[in-house]
Amino acid sequence: MKKQIIFACSSGIATSTVVAEKVVDYCKDHGIDVTYQQAIIGELPSLDNSADLIVATSQVETKLNTPFVNALPIITGVGEQELLDQIIKLLKG
């Protein structure tokens, strides 16, 4: 199963890189092959509908059609496991 994920943060580099590494590894452990790209939060409206999931470390004010999760639990460690499990469920759904 191959899925496309967009990882976004305010710079497109910093926290999205940390989150991408954890999520991609977790997906591989659960049999999901992931391709991904990193983006700046402001780019998300133009990237909407181009991936299976958007994972962002900042608040997104724009309404998106693509399933979206806030990755702050992965950065803080509080609720990380629950969020990783939710991502697997969304991708397998």
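## Starting with a salt bridge

A salt bridge is a side-chain nitrogen of Lys or Arg within 4 Å of a carboxyl oxygen of Asp or Glu. D33 and K2 meet that description, with their closest N and O atoms 3.0 Å apart. This pair links distant parts of the chain, since D33 sits in strand 2 and K2 in strand 1, 31 residues apart. D33 counts as partly exposed, at 36% relative accessibility, while K2 is exposed, with a relative accessible area of 54%. Please keep in mind that the model is predicted.

How many salt bridges does a search of the whole structure find? The search finds 2. Besides D33 with K2, the side chains of K22 and E80 meet at 3.4 Å, N to O. K22 lies in helix 1 and E80 in helix 4, so this pair ties together parts that are 58 residues apart in sequence. K22 is partly exposed, at 34% relative accessibility.

## The overall fold

Now for the wider view. The chain has 4 helices and 4 strands, and along the sequence they follow the pattern β-α-β-α-β-β-α-α. The radius of gyration is 12 Å, close to the 12 Å that the globule rule gives for 93 residues, so the chain is as compact as a globular protein of that length.

Along its principal axes, the C-alpha trace spans about 30 × 25 × 20 Å. Of the 93 residues, 41% count as buried. Contacts also reach across the sequence: among those between residues at least 6 apart, 57% join residues at least 24 apart.

Helix 1 covers residues 14-29, which makes 16 residues. From its first C-alpha to its last it reaches 24 Å, close to the 22 Å expected at 1.5 Å a residue.

Which residues of helix 1 are buried? They are S16, V19, A20, V23, V24, Y26 and C27. These residues cover an arc of only 165 degrees around the axis, which puts them on the same side of helix 1.

What do the buried residues of helix 1 pack against? Their partners are strand 1 (2-9), strand 2 (33-40), strand 3, helix 3 (72-76) and helix 4 (80-92). Just after helix 1 comes G31, which takes a positive phi of about 75 degrees.

## Two cysteines apart

A disulfide needs a pair of cysteine sulfur atoms within 2.5 Å, and by this rule the count is 0. C9 is in no disulfide, and its nearest cysteine sulfur, that of C27, is 18 Å away.

C9 counts as buried, at 1% relative accessibility. C27 is buried too, at 0% relative accessibility.

## A positive phi in a loop

One last stop is N49, in the loop between helix 2 (44-47) and strand 3 (53-56). N49 has a positive phi of about 70 degrees although it is not a glycine. Is N49 buried or exposed? N49 is exposed, with a relative accessible area of 56%.

Technical notes. Residues numbered from 1 in each chain as written. Predicted model: local features only at pLDDT ≥ 70, side-chain atom pairs only at ≥ 80, totals over all residues. Heavy atoms only, no water. Buried < 20%, exposed > 50% of the residue type's maximum accessible area, 1.4 Å probe, protein only. Helix = DSSP H or I, 4+ residues; strand = E, 2+ residues; numbered from the N terminus. Expected span 1.5 Å × (residues − 1). Arc of directions from axis to C-beta. Contact = heavy atoms within 4.5 Å. Rg over C-alpha atoms; globule rule 2.2 N^0.38 Å.
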